[in-house]
Amino acid sequence: LYKVCAKIIDKEILMRTIEKCAIVDIGSNTIRMNIYEVADGVINELLSKKKMLGMSNYVEDDKLTEKGIKKCIKVLADYKDTLEKMHIEDVYPFGTAGIRNIKNSEEVLQRIKDGTSLKVDLISGENEADCVYRGVSSIYDATNCGIVDIGGGSTEIIIVEDGNVKNEISMPIGSLNLHHSYINTTIFPQKDEVKNIKRHIKSVLDDYKISKFPKEMKFYGVGGSIRAAGEIAEEYFGLENDEHFSKEHVKEILDKIMEKDPEILRVMLKECPDRIHTQTPGMLILSELMKDLKFDSISVSSAGVREGYLIDKLEGMK
């Protein structure tokens, strides 16, 4: 559980308008449903469910296939059934890069609405980055910091100076689309595949001129790849917790993966079995970002895009 400071949202309005609500996040790698309770100006997470869909695995000619659409609708229909049984009417579904980057996004959104009655809000990369910032700043002092969100289909970077967002960048690289585009093996990439992935990441970073951002800032990380990296580092290196790890930790984990080290493979299977095929490209993105932005460590935030999106919706009810 985590709390959102009461000063962010008007307590009287929240108490008057809502008790329980749900966020449904349709991402490239997973579809998540979080149920929250809002009381006395505080948001508490009650339940979290996720389904690994891997949407980019069902994309052909830049369109989501019929099979992919049906799988997405099935997951959302199951979530809708759960919410109805729990008598939760305030439901806020949104989609990110998994739908944003396909050519038939309008058709997919309409099919979802027809099949589940859920009207999905397709947010832009910039809006996604803004929600990530709002989520992180709800539990941390984000006055001067950088925020990295590595998802399945995109990576968001936010730079905050003196409490103001100076840069919000959304890049079309993610753990799942890199795996889909570059890795032919079932789980771990070969050395030449890693070289190609790193070359592509560097090319994207050059295009977005990431290196011009301020140096030596505190960085927070959100998203499944970064959370899983923290869990792997905690177990493998015997850290006190999974909330903070370093560039050297990331480098050694990647080195051990390339060596097919039995211990790192055991740890990954224990800590992130549902991400075993996408974790390596996700950590390659993180590794290249840490080099380019010149930050040596990162802290894992438990709040991110879903919490920021919820805050935005609740404030819109004022």
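A salt bridge is defined here as a side-chain nitrogen of Lys or Arg within 4 Å of a carboxyl oxygen of Asp or Glu. The model is predicted, so local features need pLDDT of at least 70, side-chain atom pairs count only at pLDDT 80 or more, and totals for chains, interfaces and linings use all residues. Residues are numbered from 1 along each chain as its sequence is written, and side-chain values use heavy atoms, with hydrogens and water left out.

**View 1. Salt bridge between R306 and D25.** The N to O distance between these side chains is 2.9 Å. R306 lies in helix α12 (residues 305-315) and D25 in strand β1, 281 residues apart. Helices (H or I, at least four residues) and strands (E, at least two) are DSSP runs, numbered from the N terminus. R306 is buried at 11% relative accessibility, and D25 is buried at 7%. Buried means under 20% relative accessible area, exposed over 50%, and partly exposed in between (1.4 Å probe, protein chains only).

**View 2. Salt bridge between K20 and E37.** Here the N to O distance is 4.0 Å. The pair connects strand β1 (residues 20-26), which holds K20, with strand β2 (residues 30-39), which holds E37, across 17 residues. K20 is partly exposed, at 36% relative accessible area, as is E37, at 29%.

**View 3. Salt bridge between R134 and E315.** The side chains meet at 2.3 Å, N to O. R134 belongs to helix α5 (residues 125-137) and E315 to helix α12, 181 residues apart. E315 is partly exposed, with a relative accessibility of 22%.

**View 4. A network of salt bridges.** Shared partners join E66, K70, E107 and R111 into one network. The search of the whole structure finds 20 salt bridges.
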